[in-house]
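The tour below moves from one selection to the next.

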Amino acid sequence: MKQNLRLGHVAGIPVGVNWSVVVILVLIADIVAVNVLPRADAGRPASVYWAIAIPTALLFLASLLAHEGAHAAVARRRGLGVRSITLWMLGGVAQLEGEPKTARTDLAVAAAGPLTSLAIGGVLFAAAEGASSAGAPGVIVAALAWTGATNGFLAVFNLLPGAPLDGGRILRALVWMGSGDRSRGDRAATVAGQVMGAALAGAGVAQLIFLGQTGGLWLML
């Protein structure tokens, strides 16, 4: 994944973004400003919604960076080099130098990202509750709650057992650990990914054709 813009280094690891990350930032800001915030706190000027939506989109981008940073941190702790971390339209990529030498290392590296996203989601939900109790404006509470829920969804989706998701790597590690054969784990994760991909695409087509919902395009993607 090519880095079109270098953001700097974190613990010596080059961190950057691909141009396509602009697409997801615009989409998220639009969803939050047009749908999420007006439903949670109606009657405010559009400028207020956008003033909250743009930082919310950037906060989500930062949570993606934390997800990939967790992969990288565990990989380095386990003796693997990390070439770079790149964010793009559908998430992020921590490019490792080589492959884990043991199934336990593979499992630890793969699980680090979803666990981090779950933790971030929990913290943001707690922050939303605290903000609500303190009497903060509804737009702030809704933005925090939405970002927390999205991180929770990101964690659960990434745990689906099929390559190239984190869940696919977890499946590979578990099969490798149980059988002692890494290639068997690779095959299991690949087949599971193909089946899951076909199922999601089929569900997206059905949602688009039979229900007329454009959300099916996201499932297909």
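**Stop 1: the hairpin**

Select Arg 6: opposite it, in strand 2, stands Gly 16. This is a predicted model, in which local features need pLDDT of at least 70, side-chain atom pairs count only at pLDDT 80 or more, and totals for chains, interfaces and linings use all residues. Residues are numbered from 1 along each chain as its sequence is written, and side-chain values use heavy atoms, without hydrogens and water.

Now show residues 5-10 and 13-17. These are strand 1 and strand 2, antiparallel and joined by five bridges. Strands (E, at least two residues) and helices (H or I, at least four) are DSSP runs numbered from the N terminus; a pair needs at least two DSSP bridges. Two residues separate the strands of this hairpin, and Ala 11 in the turn has a positive phi of about 55°.

**Stop 2**

Residues 56-128 are 66% helix and 21% strand, with end C-alpha atoms 13 Å apart. Residues 140-197 are 84% helix and 0% strand, and there the end C-alpha atoms lie 36 Å apart.

**Stop 3**

Go to helix 6 (182-210) and helix 7 (215-220), which each supply at least two residues of a nonpolar patch. Helix 6 gives the most, with four. Pick Ile 209, found in helix 6. Is Ile 209 buried or exposed? Ile 209 is exposed, at 59% relative accessible area (buried is under 20%, exposed over 50%, partly exposed in between; 1.4 Å probe, protein chains only).
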